[in-house]
Amino acid sequence: MSGHEHPQEALLIGYHSSDDAAALEVEGSFVLVQTVDFFTPIVDDPETFGAIAAANSISDIYAMGATPILGLAIAGFPSDVLPIEVLQAIFRGGIRKATEAGFPVAGGHTIIDDVPKYGLAVTGRVAKDKLVRNSTARPGDAVYLTKPIGTGILIAAHRSMNTRLRRLFSRTLPALDEVVSWMMLLNRRSSQLMTQIGATAATDVTGYGLVGHLREMCRGAGIGVDVDMTKVTAMAGAIELIEDGYLPEGTARNMAEFRSSVENEATELDYTLACDAQTNGGLLIAVAPEQELHLEGAFEREGLYLAKIGRFNDRKEIIRLHRG
């Protein structure tokens, strides 16, 4: 281990900073990073669900600038209701995504539960001087987002709206192909590029939405951020659903929880979108002004999505949304 007299001294990051994963210093100059995440199905196909849940779990490791090296599966399954083949398909999807990320899933634990649940506990590894935290952005740093948002609204609409409810809306629901594609996309290459460039801070956008995870970054660093909502891309159909009055419970909870931290000079629609809960959303990356062009060039050369959505400032823990 690290040689510290007390085990707690080796713990570089715990739960206090609301970071994406725990970080433990080990022998030499390396750090072990560990996280766990699981949830209920958000798509009908079990193998696709398993892959999305695994990608979402791995994302916390990537947000720290680390490389995943080992996974353990965590599952709950109603074995008296669903055939075991469904659980096997979920596991196949998770293993497929872990294999893509370059690490094995070495067993895990499953319990009998009322509804299916699945995810991974993932361990990663990173050089101590490359570890990226969510709490170290500085005033003047630009903030970038590596995926569009809107997965929560679109997934919830497809799962909850029956034929009668669909008739109340003025538009046909969009297909989920784009949403599933983004949720299946690993944040691996974005993480590698931000580490190479030298990000000052990062996190991933998941259940608390864009605003919630920006708030964690601001609280950790004691700073504020300006966000230009015209630079935040919504997935196809998300804006139309909001305009038609659709509001998932998770998004509504975020809106109520984060209202006091936000100066909304944009629209209520913008605020709703910024509070939408994401599944395996993109990375929020902070970089110093002199590194902005390097980051943009690196993403452009590889054809990866990247949007500069704002800039951190010295206003303590205030998120200002505006348009242009």
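Accessible areas here come from the Shrake-Rupley method with a 1.4 Å probe, and for residues only the protein chains shown count as cover.

**View 1. Overall fold and surface of the predicted model.** The protein has an accessible surface of about 14,500 Å², and carbon and sulfur atoms account for 52% of that area. It holds eleven helices and 13 strands (DSSP runs numbered from the N terminus: helices are H or I, at least four residues; strands are E, at least two). Of its 324 residues, 52% are buried (under 20% relative accessible area; exposed is over 50%, partly exposed in between; 1.4 Å probe, protein chains only).

View 2. Leu70 sits in strand β4, residues 67-77. Its relative accessible area is 34%, so Leu70 is partly exposed.

**View 3. The largest pocket.** Its volume is about 530 Å³. The lining has 23 residues; closest to the centre are Ile42, Gly152, Gly250, Ala277 and Thr279.

**View 4. Elements around the largest pocket.** β3 (30-39), α3 (151-160) and α9 (249-258) each bring at least two residues to the lining. α3 contributes the most, with six.

**Notes.** Residues are numbered from 1 along each chain as its sequence is written, and side-chain values use heavy atoms, leaving out hydrogens and water. The model is predicted: local features need pLDDT of at least 70, side-chain atom pairs count only at pLDDT 80 or more, and totals for chains, interfaces and linings use all residues.

Methods
1 Å grid on protein atoms, 1.4 Å probe; cavity = no way out; pocket = protein on both sides within 12 Å on 5 of 7 lines; lining within 4 Å. Points joined across faces, edges and corners; volume = space filled by probe spheres on them.
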